[in-house]
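This report describes a model from its backbone geometry, contacts and core. Please keep the sequence and coordinates at hand while reading.

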Amino acid sequence: MGKVPAAVVGVGQTHHRAKREDVSIAGLCREAIDRALTDARMTFADIDAIVVGKAPDLFEGVMMPELFLAEALGAAGKPLLRVHTAGSVGGSTAIVAASLVQAGVHQRVLTVSFEKQSESNAMWALSVPMPFIMPVHAGAGGYFAPHVRSYIRRSGAPTHVGAIVAAKDRQNALRNPFAHLRNPDTTVDSVLASQMLWDPIRYDETCPSSDGACALVITDADTARAAESPAWIHGTVMRSEPTTAAERDQVNPQAGREAAAALWKQAGITNPLEEIDAAEIYVPFSWFEPMWLENLGFMPEGEGWRLAESGGTAMDGVLPVNCSGGVLSSNPIGASGMLRFAEAALQVRGQAGEHQVDGVRRALGHAYGGGSQFFAMWVVGDQPPSN
Amino acid sequence: MREVAVVGFAQRQMAEFDGSPTCVELLVPLFAECYEQTGFTRKDIDFWCSGSSDYLAGRSFSFVSAVDAIGALPPVNESHVEMDAAWALYEAWLKIRTGEVDTALVYGFGKSSAGVLRRTLSLQLDPYTLTPLWPDTVSLAGLQARAGIDSGAWDERAMAEVVNRSLTDAEKNEYAVRRGGSSVEELLARPMYADPLRKHDCAPVTDGAAAIVLAADDRARGAVDRPAWISGLAHHVDPLHLGGRDLTRSPSAARAGNAAGVADVEVAELHAPFSHQELVLRRELALADDVRINPSGGALAANPMFTAGLNRIGEAARRIWDGSAGSALGHATSGPALQQNLVCVMEGRS
């Protein structure tokens with residue numbers, strides 16, 4: 001007995017902002033859920049189970065918030081699961097929701113992920129000192145800057161490549177009505193002129209802190225065939241490795257490389273650069289675009305920056321990356337991974353609006369978390385999977 | 001659809017764990033015990049899934065450090081739920097059923113003694129309307145117990161009978177934190193703690209960790225003589241708001257029981273952190289009078305947060321392995337006053 005084919009038939013997201021003071025946590029989730037259900041032409045009555053994802057509970061100050069949210073999420077009287085796998089959680093949550101269908105347990109699953117970061121301060125929530133555990137002092141930027149510097153040294157990349165990526169994603173965000181940052185004047189030069197925060201990462205090369213949510217409706221094949229332009233799930237993968245180990249390569253982590261290899265194999269892809277038509281890659285700091293291009297196998301090691309520098313990852317490039325504006329333009333942490341998965345689905349469904357790439361047949365959604373150690377990815381396509 | 005069985009189980013329960021909130025020091029020997037029981041090695045485990053809480057550990061990403069217990073490289077196929085590890089078992093069961101993997105190791109951990117548990121759990125309530133009042137777990141359970149007594153659904157004697165049986169059975173459980181039965185009369189003579197609850201009506205604050213191994217079809221048969229085949233696994237949730245539900249009932253437990261199919265079970269390990277909650281669960285699951293309840297002593301003997309539900313499944317599976325039961329049930333609960341419930345029914349096959 002093989003896997004039951006599954007597809008995304010509904011996508012919804014919020015308008016992401018620094019502070020969504022107009023809505024409660026439940027209201028934020030409902031904004032995304034209601035859009036996803038409308039898109040899927042369903043109501044709560046059609047939904048068999050709900051899967052919730054978010055990053056650390058300390059970000060909102062509520063322990064296991066899905067419990068108080070159960071009613072608002074339409075989960076009362078139904079199965080409710082809560083996933084938490086660090087920054088990759090939005091992706092992992094979509095994968096768990098897909099597995100409910102693929103395991104033959106349910107036919108129509110609603111999944112939602114969110115973060116209302118304005119309820120607290122993410123940087124300090126990440127910096128609680130713990131005995132015998134390496135502190136993340138001053139949040140993620142300080143943690144990742146040495147990895148970026150190491151990448152630049154190892155690859156010999158020109159130091160302005162990060163600015164090229166940042167300018168591209170901020171320009172892409174102008175085509176996405178849901179994006180948080182809308183800075184029409186951002187250029188490579190303006191990024192290079194912005195404040196250095198954690199050398200070599202400049203202010204304009206970092207993601208914002210956002211309030212936002214994303215929701216998907218995932219169904220079995222029979223339901224999907226009756227829906228308008230489903231995004232079929234061709235492969236899903238999760239891989240983890242420990243935070244600290246002497247032999248770890250944090251610039252090009254083994255978990256990411258192995259996850260990508262397993263994903264391409266599952267999806268029947270032999271040349272990802274040619275066969276993937278659009279990619280939504282988790283890039284919270286601009287330099288992670290060239291780093292992940294290599295880790296994912298789109299480019300050979302040390303060459304990722306060449307694709308970014310040459311414009312190959314722009315909307316009209318050989319591999320459009322983060323046409324939505326990506327994490328660099330909207331970052332509700334718990335939802336950021338699911339937004340990547342959702343934007344990949346929108347691209348193959350031809351429903352990405354102003355940031356739609358023509359003729360996308362297969363797209364990648366990618367998320368990572370922790371100290372570059374948790375990976376979640378999927379490939380979606382406009383046709384049912386052949387495997 | 002392929003069959004999945006519980007084939008390994010290891011646990012630790014203690015009043016106070018003198019170690020890190022990530023419990024890595026507990027998890028490493030537990031994994032070793034699971035390898036010993038099943039003959040599997042780290043390389044034989046296709047999928048890993050854990051259950052834990054950041055709030056219990058007092059930090060973000062507590063499960064990140066727990067991954068260290070698996071061993072460094074190569075990377076693993078791994079996931080985590082912010083729930084009792086019984087729900088991690090559910091995710092692993094799904095993963096095996098998709099055919100992607102054949103084996104899984106599920107683990108949970110929590111150091112409840114690191115804070116004031118009943119106050120920490122107040123943060124599980126509605127942050128806008130309930131948490132600002134800081135109602136704690138024991139007080140909420142007291143309201144539930146009182147509602148049952150006032151409605152005639154149970155009385156203090158029935159609660160004391162649950163306690164007496166549980167603590168008597170706990171004498172045979174080396175991992176029990178509280179043990180030793182006496183008599184219903186003696187228990188009822190003890191002072192009130194949170195009226196109508198006496199201290200023995202409330203699960204002891206417990207630290208601990210546990211691990212369970214799942215395997216499919218022939219992998220399960222190769223790991224243990226008499227696998228505990230999962231014949232039904234389901235979970236449901238009720239609304240949290242206390243004013244919006246009848247506290248003497250637990251519709252989600254009834255739904256989970258109906259979906260899992262509990263008609264033939266001979267043994268039921270029920271996750272009831274308060275004595276009266278066992279009475280609610282027995283009613284909702286419609287368990288026959290001759291069903292053996294909590295031979296391990298249950299949660300009144302030890303209740304390690306985020307692990308106690310998984311322990312119930314492990315304890316039930318053991319009755320299948322040793323042939324003392326043909327069909328056994330493990331139950332897990334989460335949230336205030338039995339809000340969320342999972343039922344796992346297992347059976348032995350000759």
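## Domains of chain B

How many Å separate the centres of domain 1 of chain B and domain 2 of chain B, taken over C-alpha atoms? The separation of these centres is 22 Å. Domain 1 of chain B covers 4-117 + 205-223, and domain 2 covers 121-203 + 228-347; such bounds come from an automatic or database domain assignment. The contact between them involves 34 residues from domain 1 of chain B and 27 residues from domain 2 of chain B, where two residues are in contact if their C-beta atoms, placed from the backbone, lie within 7 Å.

On the side of domain 1 of chain B that touches domain 2 of chain B, at least two residues each come from strand S1 (4-14), helix H2 (54-57), helix H4 (85-97), strand S4 (103-111) and strand S7 (205-216) of chain B. Helices (H or I, at least four residues) and strands (E, at least two) are DSSP runs, numbered from the N terminus. S1(B) provides the largest share of this side, eight residues. By class, the residues of the side of domain 1 of chain B that touches domain 2 of chain B are 21 nonpolar, ten polar and three charged. Here Ala, Val, Leu, Ile, Met, Phe, Trp, Tyr, Cys and Pro count as nonpolar, Asp, Glu, Lys and Arg as charged, and the others, Gly among them, as polar.

## Basis of the model

The model is predicted: local features need pLDDT of at least 70, side-chain atom pairs count only at pLDDT 80 or more, and totals for chains, interfaces and linings use all residues. Residues are numbered from 1 along each chain as its sequence is written, while chains are lettered from A and ligands numbered from 1 in the order in which they are written.

## Overall form of chain A

Chain A contains 14 helices and eleven strands. Its radius of gyration (taken over C-alpha atoms) is 19 Å, close to the 21 Å that the globule rule gives for 387 residues, so chain A is as compact as a globular protein of that length. The globule rule is 2.2 Å times the number of residues to the power 0.38. Along the principal axes, the C-alpha atoms of chain A fill a box of roughly 55 × 45 × 45 Å.

Of the 387 residues in chain A, 64% are buried. A residue is buried if 20 or more other C-beta atoms lie within 10 Å of its own, exposed if 12 or fewer, and partly exposed in between, with C-beta atoms placed from the backbone. Among contacts in chain A between residues at least 6 apart in sequence, 79% join residues at least 24 apart.

## Helix H1 of chain A

Helix H1 (residues 25-39) of chain A has 15 residues, which at 1.5 Å a residue should span 21 Å; the end C-alpha atoms are 22 Å apart, in agreement. The expected span is 1.5 Å times one less than the number of residues in the helix. Buried residues of H1(A) include Ile25(A), Leu28(A), Cys29(A), Ile33(A) and Leu37(A), as well as Arg30(A), Glu31(A) and Asp39(A).

The buried residues of H1(A) pack against strand S1 (6-13), helix H2 (66-69), strand S4 (108-116) and strand S7 (211-220) of chain A. Just after H1(A), Arg41(A) adopts a positive phi of about 55 degrees.

## Nonpolar core

The largest nonpolar core has 259 residues, of which Leu89(B), Val106(B) and Leu214(B) touch the most other members. A nonpolar core is a set of buried Ala, Val, Leu, Ile, Met, Phe, Trp, Tyr and Cys residues joined through C-beta atoms within 7 Å. This core draws at least three residues from each of domain 1 and domain 2 of chain B. Apart from neighbours within four places in sequence, Val106(B) is in contact with residues including Leu89(B), Leu214(B), Cys49(B) and Leu310(B).

## Interface between the chains

The interface joins 49 residues of chain B to 53 residues of chain A. On the side of chain B that touches chain A, two or more residues each come from H2, helix H3 (62-66), strand S3 (78-81), H4, strand S8 (228-237) and helix H10 (251-260) of chain B. H4(B) gives the most to this side, with five residues. The side of chain B that touches chain A has 22 nonpolar, 15 polar and twelve charged residues.

## Backbone features

The bond from Leu73(B) to Pro74(B) is cis, with omega near 5 degrees, and Pro74(B) lies in the loop between H3 and S3 of chain B. The bond from Asp195(B) to Pro196(B) is also cis, with omega near 15 degrees.

Ser372(A), a residue other than glycine, has a positive phi near 55 degrees and is buried, with 25 other C-beta atoms within 10 Å. Cys23(B), likewise not a glycine, has a positive phi of about 60 degrees; Cys23(B) is found in the loop between S1 and helix H1 (24-38) of chain B and counts as buried, with 29 C-beta neighbours inside 10 Å.
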